[in-house]
Amino acid sequence: MSEPFVRVENLKQHFPITRGVVFSKQVGAIKAVDDVSFEIYPGETLGLVGESGCGKSTTGRSILRLYEPTDGRVTIDGTEVTALDDEALRAFRPRMQMVFQDSYSSLNPRHSVAKIISEPLVIQGTRDQRKLRDRVAELLELVGLEADHMRRFPHEFSGGQRQRIGIARALSLNPQFIVCDEPISALDVSIQAQVVNLLKSLQRELGLTYLFIAHDLSMVRHISDRVAVMYLGKLAEFGRYDRIFSRPLHPYTQSLMSAVPIPVPEVEKKRQQILLSGDVPSPAKPPPGCVFHTRCPFAAERCRAEVPQQEEVEPDHFVACHMVNDPTVGPQITQRAGHIVEEVKAASGTGPDRQFTPARDVGNR
Amino acid sequence: MEPVLDVRDLAVQFETVEGTLHAVNGVSFRLRRGETLGIVGESGSGKSVSMMSLLRLIPEPPGKIHRGRALFYDAAETVDLLSLSNRRIGFLRGNRIGYIFQDPMSSLNPLLTVGIQIRESIERHTRLSGTQAKQRAIELLELVGIPSAAQRYGNYPHQFSGGMRQRVMIAIAISCDPAILIADEPTTALDVTVQAQILALVRRLTQELGISVIWISHDLGVIASLADRVLVMYGGTVVERGDVEELFTSPRHPYTVGLLGALPKLQGGEEQLVNIRGTPPSLFSSPTQCPFEPRCPWAFARCKTERPPEFFAGTGRVYLGGTESASTTQDTAESPEQEADEPFVAHRAACFHDLDRDQERDPSEPPAPAQGADKAAEAAGIGAPPSARGSASTDPPPAHTDSRQPSRLTGDRTGAEEL
């Protein structure tokens with residue numbers, strides 16, 4: 001196997017909680033990301049999934065140094081990003097870009113589309129107006145818009161189209177690595193599929209590497225080669241998508257998978273969902289030991305005291321849980337995984353009996 | 001099954017600086033007692049506006065209920081929600097019809113404790129007050145699964161998490177034992193694990209209390225888990241309706257087919273997601289064609305010039321016995337209620353392309369009868385609806401069949417209001 005393109009080692013991002021205005025002092029810290037490590041291979045997509053407040057967006061931003069990481073090391077294509085000074089970082093930025101979640105607030109409403117998309121090029125030193133215009137036209141067509149859309153303003157576009165503009169802007173500097181921070185969460189279902197298909201085809205054409213952040217487990221499965229499940233600033237489970245989806249072993253991953261409603265009524269109505277009790281604890285006061293132990297049905301004494309480390313349970317499948325290899329509880333967890341996957345599999349056999357392609361078109365192909 | 005709500009040809013418009021926005025264009029549906037009706041649609045499909053206009057919660061102006069009827073068959077009487085006076089609709093809101101809003105952050109008052117907010121609706125609509133009302137509020141908090149309810153009674157909304165706040169909203173909505181509960185995307189802002197908790201709660205409550213539910217969502221998975229029947233909305237109209245199992249396995253409108261194909265799966269093959277090209281329609285133009293025509297791979301000439309009515313599809317086709325189908329089923333049906341009911345709730349698709357046979361429909365094929373509500377209204381002793389709702393507020397209060405005097409909705413429940 002080739003070398004990882006992006007390597008994240010023990011990344012920590014703590015935000016200070018301060019008290020007082022003039023003589024403010026730190027009284028605590030929000031541990032948004034706490035000791036996270038993973039790799040992304042060239043041309044692959046890592047799906048980072050978790051619920052709101054688990055630190056997935058912060059992880060994406062810290063990797064690009066939009067936040068200054070508190071601790072840890074990020075290496076992209078052999079360059080240690082966390083060690084670069086300001087000048088070197090700016091020179092490196094064209095290689096790593098970001099697509100933001102909210103296309104309403106991430107596009108300046110007073111700038112034309114041409115100005116929005118060409119801004120990264122201008123910052124990186126292109127001044128030739130003609131060159132800029134040609135590049136913008138090329139990018140707009142690449143993302144499925146038209147070249148003369150460049151004179152328009154963001155409000156003239158729908159949500160899906162605005163997200164395409166955001167993607168065009170991220171692509172303008174020919175990056176190799178793009179962090180997609182929930183690019184489809186705010187979009188309607190039919191538009192989500194359009195944007196995801198676009199991201200996938202761009203990846204094939206341009207050989208991009210993605211970190212795809214989302215809370216939608218089924219979409220993450222669809223787009224990712226590898227999946228990382230996050231809970232309260234830590235990675236719960238990490239591995240190849242097929243491993244995780246055919247044998248989810250962390251109790252949190254299990255409850256997440258069990259909670260996703262499946263659009264097949266006869267399966268969904270019979271399903272025995274695992275309901276988690278309570279809410280996610282505050283990241284300012286994370287529970288000691290395993291952060292999930294307060295809601296975990298398998299939690300034992302050890303989970304309350306000791307932080308679990310990532311363990312490789314099978315090739316390309318890591319789980320941070322004390323109990324997975326426990327002689328008595330372990331088999332129960334594995335059994336539950338089998339049960340959840342079985343339920344989901346029952347749904348995959350059925351589906352709508354019509355395709356969104358008229359029979360006459362199928363014949364023409 | 002007897003209906004509890006009958007909506008017919010509802011149309012809602014908004015006057016804006018850019019022209020008239022046709023938010024809802026002739027929506028008809030029937031909600032039967034004890035069932036859960038799912039309404040699926042994307043943003044701008046008119047699903048929220050149509051439900052809010054039933055309780056007259058849309059701002060007028062700029063909004064205007066252009067035409068339509070909404071018969072609510074309450075225990076004591078039948079009323080047309082759209083022509084009630086403001087005072088009388090106020091008696092129904094939160095009392096006989098509960099409403100859960102999408103965003104629990106902005107729909108609770110941050111300055112009042114949740115206890116006061118639950119009591120507010122109890123004290124307005126029932127005779128309970130003081131300690132009794134408080135007792136009832138605490139019972140409700142327990143019912144929706146809030147731990148140590150008596151202590152939480154005095155807490156403010158910011159002391160609750162998103163899921164807990166939505167539980168409070170549910171407690172308010174069911175506080176007066178409503179006949180109908182309208183839930184407008186109540187889980188969209190929540191995480192999936194919390195969503196699963198709320199769905200389980202609503203499923204339990206509606207079964208225990210026998211409430212009829214209208215559940216609005218854009219998430220087909222949520223609809224699959226809750227609904228008995230589904231309406232699919234697009235561009236302000238219902239494009240397909242039917243039993244939830246049948247509609248998900250045998251969709252017969254191109255939009256539904258595309259929507260189901262656009263969902264990624266948790267297991268199974270690695271197929272490409274369906275691309276429904278284009279974007280949802282602008283609602284400014286007056287609807288004279290099929291709203292889905294620009295994005296539809298099956299579209300042909302007729303779709304551009306005519307607006308497709310609903311046709312029977314799938315199992316609904318049993319009602320297609322020729323042009324006289326409606327009357328023939330009438331003769332054979334067992335009870336008069338059923339015969340008005342069944343064809344109206346059967347599987348239908350508003351499309352000129354017949355996906356059952358995968359061919360264009362014959363121009364002579366009769367549309368499915370849309371007069372279901374009329375029949376029910378006649379049966380209930382309510383005269384034919386006015387063709388346009390110009391003089392709606394002067395309509396006489398509709399009466400129930402059983403020769404009782406039209407009561408004034410001032411029974412026990414609203415006693416407090418009389419004072």
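Okay, let's start inside chain A: the centres of domain 1 and domain 2 of chain A, taken over C-alpha atoms, are 29 Å apart. Before I go on, keep in mind that this is a predicted model. As for where those domains sit in the chain, the assignment puts domain 1 of chain A at 6-18 + 28-231, and domain 2 of chain A at 250-348.

So how do they touch? Domain 1 of chain A puts 11 residues into the contact, and domain 2 of chain A puts in 12. On the domain 1 side, the elements giving two or more residues are strand S2 (25-40), H7 and strand S9 (226-231) of chain A.

A:Asn10 isn't a glycine, yet its phi is positive, about 50 degrees. You'll find A:Asn10 in strand S1 (residues 6-19) of chain A.

Now, the two chains together. The scores for the model are ipTM 0.82 and pTM 0.82. How many residues does each chain bring to the contact? It's 49 from chain A and 46 from chain B. On chain A's side, helices H6 (189-206), H7 (217-223), H9 (251-259), H10 (265-270), H12 (329-349) and H13 (359-364) each give two or more residues. Which of them gives the largest share? That's H6(A), with 7 residues. By class, the side of chain A that touches chain B has 22 nonpolar, 16 polar and 11 charged residues.

Over to chain B, then. Here there's an open sheet of 8 strands, and if you want to trace it, the order is S6-S7-S8-S3-S9-S10-S12-S11, with mixed pairing. At the edges are strand S6 (97-100) and strand S11 (311-312) of chain B, each pairing on one side only. Let's zoom in on one pair: strand S3 (residues 36-40) and strand S9 (residues 229-234) of chain B run parallel, joined by 4 bridges. Within that pair, B:Gly38 sits opposite B:Val230 of S9(B).

Next, a helix pair in chain B. Helix H4 (residues 114-125) and helix H5 (residues 130-143) of chain B have axes that come within 9 Å and cross at roughly 115 degrees. The crossing of H4(B) and H5(B) is right-handed. From H4(B), the residues making the contact are B:Gly115, B:Ile118, B:Arg119, B:Ile122 and B:Glu123, and from H5(B) they are B:Ala133, B:Lys134, B:Arg136, B:Ala137 and B:Leu140. That contact comes out as 5 nonpolar, 1 polar and 4 charged residues.

The peptide bond from B:Glu60 to B:Pro61 is cis, with omega near -20 degrees. B:Pro61 and B:Pro62 are also joined by a cis bond, with omega about 10 degrees. B:Pro62 is in that loop between H1 and S4 of chain B too.

Last thing, confidence. Chain B averages a pLDDT of 79, and 82% of the residues score at least 70. Over residues 322-339 of chain B, though, pLDDT is below 50, and that stretch has 14 contacts beyond near neighbours in sequence. Residues 383-419 of chain B stay under 50 as well, with 50 contacts beyond four places in sequence.

Key: Residues are numbered from 1 along each chain as its sequence is written. Chains are lettered from A and ligands numbered from 1 in the order in which they are written. This is a predicted model: local features need pLDDT of at least 70, side-chain atom pairs count only at pLDDT 80 or more; totals for chains, interfaces and linings use all residues. Two residues are in contact if their C-beta atoms, placed from the backbone, lie within 7 Å. Ala, Val, Leu, Ile, Met, Phe, Trp, Tyr, Cys and Pro count as nonpolar, Asp, Glu, Lys and Arg as charged, and the others, Gly among them, as polar. Domain bounds come from an automatic or database domain assignment. pLDDT is the predictor's confidence in each residue, from 0 to 100. Axes are lines fitted to C-alpha atoms, for helices over the stretch in contact, and angles run from 0 to 180 degrees between N-to-C directions. A crossing is left-handed if the near helix is turned anticlockwise from the far one by less than a right angle, and right-handed if clockwise. Two strands pair if DSSP finds at least two bridges between them.
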